[in-house]
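Here are a few notes to read alongside the structure.

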Amino acid sequence: MKQKVQQKSKFKKNWAVNIKSPIIAYSGIWKKKAQEALTKLKEKILLYYPQADFSLLDKAFEFSRNAHQGQLRRSGDPYILHPIGVAEVLAEMHLDMDSIVTGLLHDTVEDTLAKIEDIEKNFGPVVAKLVDGVTKISQMSFKNTHERQSENIRKMIVAMGRDIRVILVKLADRLHNMRTLSHMPLDKQVTIAQETLDIYAPLANRLGIGWAKVELEDLSLRYSKPEIYFNLANKVSKKRKEREKYIQDVIKILQTELSREGLTDAQVLGRPKHFYSIYKKMMESNIEYEQVYDVLAFRILVDTVVQCYGALGIIHNLWKPIPGRFKDFIAMPKANNYQSLHTTVMGPDGERIEIQIRTQEMQLVAERGIAAHWKYKEGGVDKQTEEKFQWLNQLIQTHQQLKDPSEFLESLKTDLFAGDVYVFTPKGDIMEFPFGATPLDFAYAVHTNVGNKTVGAKINGKIVPLKHKLKNGDTVEIITSANQKPTKDWLKLAHTSRARSKIRAFIKSEERGRAISLGKELVEKNFKKHELNFDFYAKGESLEKLLKELSLGEINDVFVKVSYGKLSPLRLIEILAPEKLKTDTKTSEEPESFLKKVFKSATQKTKNSRSAIKIHGLDDILVRFAKCCNPIPGDPIVGFITRGRGITVHLADCPKSHDKDMERRVDVEWSLNEDAARVARIKVVCVDEPGLLKKMSETFTGLGINIHQAQVRATKDHKAISQFEVNIKNITHLNRAIKALEAIKGVISVERVKF
């Protein structure tokens, strides 16, 4: 058993390692530690579910411990402590027993000999489905890690549609992993932290689980940008005593004023904003910590909605509100059912403070989101709650239509960031969009046909261009024309994933139509050269034989592959009329040689086209790098066939690559022995003071990086924005440079400019 476990446990996510003797891992102190963790878990469950039956939980603990026997986490702890930690997080969410049992079992199918059938036999079909939904796709083959990440998340999103608990377990898994991320290699810390910031923190936000979102964001900042995090933590710590006194003073003033006006039961809480929130404010405004004024947030909890608005009036009478900083999420709740009043006022000593006002019930939803409505005994949510989270079904439906993993991931990231712009239809219905949305996004949200026929829009009765940004309270009316159709320029105007995916689908459909015509022409010409009539073979049993041999669905798929050089017309003759080729003096071309022929003009442009890129099965093909994303060695990449210009290489997540027809895609990878430098763009925001540019230049020199081009400009608020084009060996070299620049005193932010 021990040997088999070691064979199966490849640990694709590298959270754990195997040891030679399973007895060591669970003997003595470790066994005691695991039992103590289980006891602590039960105590947390009893706090909200006193009638809990722990028989299934105990059984799951023994099953998981035995299955993971012989496995250690990178911290040196036995692996069983991770499933227990995940179950504890689920208990903090106040979830049902099936969810917590799933937490204990979530890695057994992926990392041990256990199978889904074993889970179902021992713990029932509900737990089995939850475990399967959380389990990664370990049996499938992927072209690169970017595609693997996309497909894993896609499976999770689809499983989430069947049972929301899948994503809650996955969030708990990621949160516990982030809490122990320090034991991972530095490069993996950055990768995992960025994925958490892109996907899991926004998911927690959309599900309304505020505390999990905050912790995930802060941990992501700590590991993705440690220099910035600890520098910020140090600055916050220096003013902690001063802040604490200020918070207590404000709380006292608020409680006194609220009690004076009859709100004696109101509860007032105060705290500094969490690190990531402060960092985000600094990045958005290009300012340093000392210039961030509203770093304190206060919360007032009352009993009724009427009292919320009453408290708001008391606060605005007490301190002057900052114009444009009031938001009413009670009248217009967020998509995740979040409700609260937000206002920013000029508090004591002229300091800006943010105040949130909500009822106790709203507070429960704000902290625990959908989990706040969970029925512990039935293990589900009520129908009213399901209706409030309809955005989940829309998210799933949209992304099931996207076949390209990169496009799926890009769309998901866009959709996960909750919208904050509320507009009205001509009938008075409210629609929610993310910041930056345009009339095109509105049109496609109404219907695909409306979007495709859009020629203009009226905002509040006035005609506006399609690039117009929607604002809160706008009334939007779309103007259409039967003769209109989408163009590639629309992709620059649309902001939501729904609109962009519909525009891309239309453009790809038109490109496919042209490819079909060209491919059919090439096939017919080649058949004619061999005195054959292709129409004779394009039906009946001959067509079925051809499609089966090529593993294609219809004849148009054949034409498309021929058009893009991925299939030789002679290959069709070889399948349909092999006897003709045998009697012909000409030899059959292989698909690869046909593709070379397609690129003949491109290949002649260079005597040595071999570069940092390897193309499966092909040599001497001209390779060019897309200027829109400028990939460097180590980046996930994709290649696309371009007639007369060879293969164009894009970043896997490049938005422009999503506009390409997937039939033109070819497998490409970086050459391991390539030493040639690539140009990368780096943007640095810093304070405008003498000597900083010199320090940045010396940093590049110290890392052996040549500055190809530099642009520096000063801003009115005494900042300097520097854009560097530098020669970089690979992605590791680039990350080293970014970290070194971030460590320079006076540097506010450093980022790679991709697009």
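The points below cover confidence first, then a helix pair, then a sheet and the helices on it.

1. Please keep in mind that this is a predicted model. The chain has a mean pLDDT of 80, with 79% of its residues at 70 or more.

2. Have a look at helix H9 (residues 125-134) and helix H11 (residues 165-179), whose axes are 9 Å apart and meet at an angle of about 55 degrees. At that angle H9 counts as oblique to H11, and the crossing is right-handed.

3. Which residues make this contact? H9 brings Val126, Leu130, Gly133 and Val134, while H11 brings Arg165, Val166, Val169 and Lys170. Sorted by class, five residues are nonpolar, one is polar and two are charged.

4. Next comes an open, mixed sheet of five strands, ordered E3-E4-E7-E6-E5. Strands E3 (267-272) and E5 (327-328) form its edges, each pairing on one side only. E3 pairs with strand E4 (residues 296-302) in the antiparallel sense over six bridges, and glutamine 267 stands opposite leucine 301 in E4.

5. Helix H17 (residues 305-318) lies across E4, E5, E6 (341-346) and E7 (352-359), running at about 160 degrees to E7. Helix H18 (residues 360-368) touches E3, E4 and E7, and its direction makes about 110 degrees with that of E7.

Definitions and conventions: Residues are numbered from 1 along each chain as its sequence is written. This is a predicted model: local features need pLDDT of at least 70, side-chain atom pairs count only at pLDDT 80 or more; totals for chains, interfaces and linings use all residues. Side-chain values use heavy atoms; hydrogens and water are left out. pLDDT is the predictor's confidence in each residue, from 0 to 100. Axes are lines fitted to C-alpha atoms, for helices over the stretch in contact, and angles run from 0 to 180 degrees between N-to-C directions. Helices (H or I, at least four residues) and strands (E, at least two) are DSSP runs, numbered from the N terminus. Angles under 35 degrees count as roughly parallel, over 145 as roughly antiparallel, 65 to 115 as roughly perpendicular and the rest as oblique. A crossing is left-handed if the near helix is turned anticlockwise from the far one by less than a right angle, and right-handed if clockwise. Contact means heavy atoms within 4.5 Å. Ala, Val, Leu, Ile, Met, Phe, Trp, Tyr, Cys and Pro count as nonpolar, Asp, Glu, Lys and Arg as charged, and the others, Gly among them, as polar. Two strands pair if DSSP finds at least two bridges between them.
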